[in-house]
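Subject: A structure for you to look at

Hi there,

Here is the structure I promised to pass on. Have a look at it first, and then read on for what turned up.

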Amino acid sequence: MSIASVETAQLVEVGGPTPVLLTVEEAARCLRIGRTTCFGLIRTGELESLTIGGLRRVPADAPAAYLARRRAEQRAA
């Protein structure tokens, strides 16, 4: 189980459905970064997000994808 899956699992109430979308605050907690930094990643396109009725949401798999890209970039450097 990946770190992002563990964090997402902790956000869900016991017996509740697994979230498909996270709030920016939940995504920030998964990545262990601040809310402002998370919004910065969204603004630059590094972290996938979408707007639904004026609300910004992050797909539940986006934090893990961001982390995988960053790790690959660091290995290549």
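Let me start with one residue. Leu21 sits in strand β1. Please keep in mind that this is a predicted model.

Is Leu21 buried, exposed or partly exposed? Its relative accessibility is 30%, so Leu21 counts as partly exposed, given that buried means under 20% and exposed means over 50%.

Which residues does Leu21 touch, leaving aside those up to four places away in sequence? The list is Glu26, Leu50, Ile52, Arg57, Val58, Pro59 and Ala60. Take Ala60 from that list: 39 residues separate Leu21 and Ala60 in sequence, yet their C-alpha atoms are 5.1 Å apart in space.

Together with Val20 and Leu21 they make a nonpolar surface patch of about 320 Å². Leu50 belongs to strand β2, which covers residues 50-52. Leu50 also has a relative accessibility of 30%, and therefore counts as partly exposed.

Now for the chain as a whole. It has four helices and three strands, and along the sequence they follow the pattern α-β-α-α-β-β-α. The chain has 77 residues, and 27% of them are buried. Its accessible surface comes to about 5,200 Å², with 55% of that belonging to carbon and sulfur atoms. Among contacts with a separation of 6 or more, 37% are between residues 24 or more positions apart.

The last stop is helix α4, residues 62-76. The 15 residues of α4 reach 21 Å from the first C-alpha to the last, close to the 21 Å expected at 1.5 Å a residue. Which residues of α4 are buried? They are Ala62, Pro63 and Tyr66. Seen down the axis of α4, its buried residues fall within an arc of 100 degrees, so they line one face of the helix. On the other side of α4, Arg75 and Ala76 are exposed.

Best wishes

Key:
Residues numbered from 1 in each chain as written. Predicted model: local features only at pLDDT ≥ 70, side-chain atom pairs only at ≥ 80, totals over all residues. Heavy atoms only, no water. Patch = residues over 30% accessible without salt bridge, like charges linked within 9 Å, V, L, I, M, F, W, Y side chains within 5 Å. Areas by Shrake-Rupley, 256 points an atom, 1.4 Å probe, with all protein chains shown as cover. Salt bridge = Lys/Arg side-chain N within 4 Å of Asp/Glu carboxyl O. Helix = DSSP H or I, 4+ residues; strand = E, 2+ residues; numbered from the N terminus. Buried < 20%, exposed > 50% of the residue type's maximum accessible area, 1.4 Å probe, protein only. Contact = heavy atoms within 4.5 Å. Expected span 1.5 Å × (residues − 1). Arc of directions from axis to C-beta.
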